[in-house]
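Here is a short report on one protein chain. It takes up confidence, then aromatic pairs, then two further residues of interest.

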Amino acid sequence: MSIPMLPTATTLESTWQAHRQRFAELKASFKRSCDAITRIDNVSEREQVIQSAKQKMHEIEDTLQRMKSDLRCVPPQHAASKALFQREWHSMSEEYGTLRDAYKR
């Protein structure tokens with residue numbers, strides 16, 4: 001007989017940490033892909049890397065959307081956390097905008 005697991009309370013702080021990690025991983029992967037584009041001579045390989053970079057760009061956008069949604073919906077454990085995370089989200093969003101602009105060049 002298995003014992004059902006009680007759902008753990010999800011707080012903004014716990015979900016935010018996962019979002020931060022995901023954003024950092026995607027950003028690093030996106031940068032690597034963008035750096036590789038200029039170094040690849042084979043056209044078909046370069047096109048694959050470009051498509052991979054586009055996919056990562058969309059994943060970053062999705063992550064930012066989930067973060068914004070969680071800011072609205074998930075209750076914070078500490079009142080100051082929400083304001084801090086909103087500033088952090090704006091910073092990440094600007095960082096993404098810079099990455100996207102660099103990719104388009």
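## Confidence

Over residues 1-7, pLDDT stays under 50. pLDDT is the predictor's confidence in each residue, from 0 to 100. For residues 1-7 the model has zero contacts beyond four places in sequence, a contact being heavy atoms within 4.5 Å. Where pLDDT is low, the predicted coordinates should not be read in detail.

The protein chain as a whole has a mean pLDDT of 88. In it, 91% of residues reach 70 or more. Confidence is highest in helix α2 (residues 43-73), at a mean of 94, and lowest in α3, at 91. Helices are DSSP runs (H or I, at least four residues), numbered from the N terminus.

This is a predicted model, in which local features need pLDDT of at least 70, side-chain atom pairs count only at pLDDT 80 or more, and totals for chains, interfaces and linings use all residues. Residues are numbered from 1 along each chain as its sequence is written, and side-chain values use heavy atoms, with hydrogens and water left out.

## Aromatic pairs

How many aromatic pairs does a search of the whole structure find? There are two. Rings of Phe, Tyr and Trp (its six-membered ring) pair if their centres lie within 6.5 Å; planes under 30 degrees apart count as stacked, over 60 as edge-to-face and the rest as tilted.

Trp16 and Phe85 form a stacked pair, because their ring centres are 4.9 Å apart and their planes are at 15°. Trp16 lies in helix α1 (residues 12-39) and Phe85 in helix α3, so the pair ties together parts 69 residues apart in sequence. Trp16 is buried at 0% relative accessibility. Phe85 is buried too, at 5%. Buried means under 20% relative accessible area, exposed over 50%, and partly exposed in between (1.4 Å probe, protein chains only).

Phe30 and Tyr103 make a tilted pair, since their centres are 5.8 Å apart and their planes at 50°. This pair also links distant parts of the chain: Phe30 sits in helix α1 and Tyr103 in helix α3, 73 residues apart. Phe30 is buried, at 1% relative accessible area. Tyr103 is buried at 18%.

Arg100 belongs to helix α3 (residues 79-104). Its relative accessible area is 28%, so Arg100 is partly exposed. Arg100 and Phe30 are 70 residues apart in sequence, yet 9.6 Å apart in space, C-alpha to C-alpha.

Lys68 lies over the face of Trp89, at 4.3 Å from the ring centre. A charge sits over a ring if NZ of Lys or CZ of Arg is within 6 Å of the ring centre and within 35 degrees of the ring normal.

Definitions and conventions:
Helix = DSSP H or I, 4+ residues; strand = E, 2+ residues; numbered from the N terminus.
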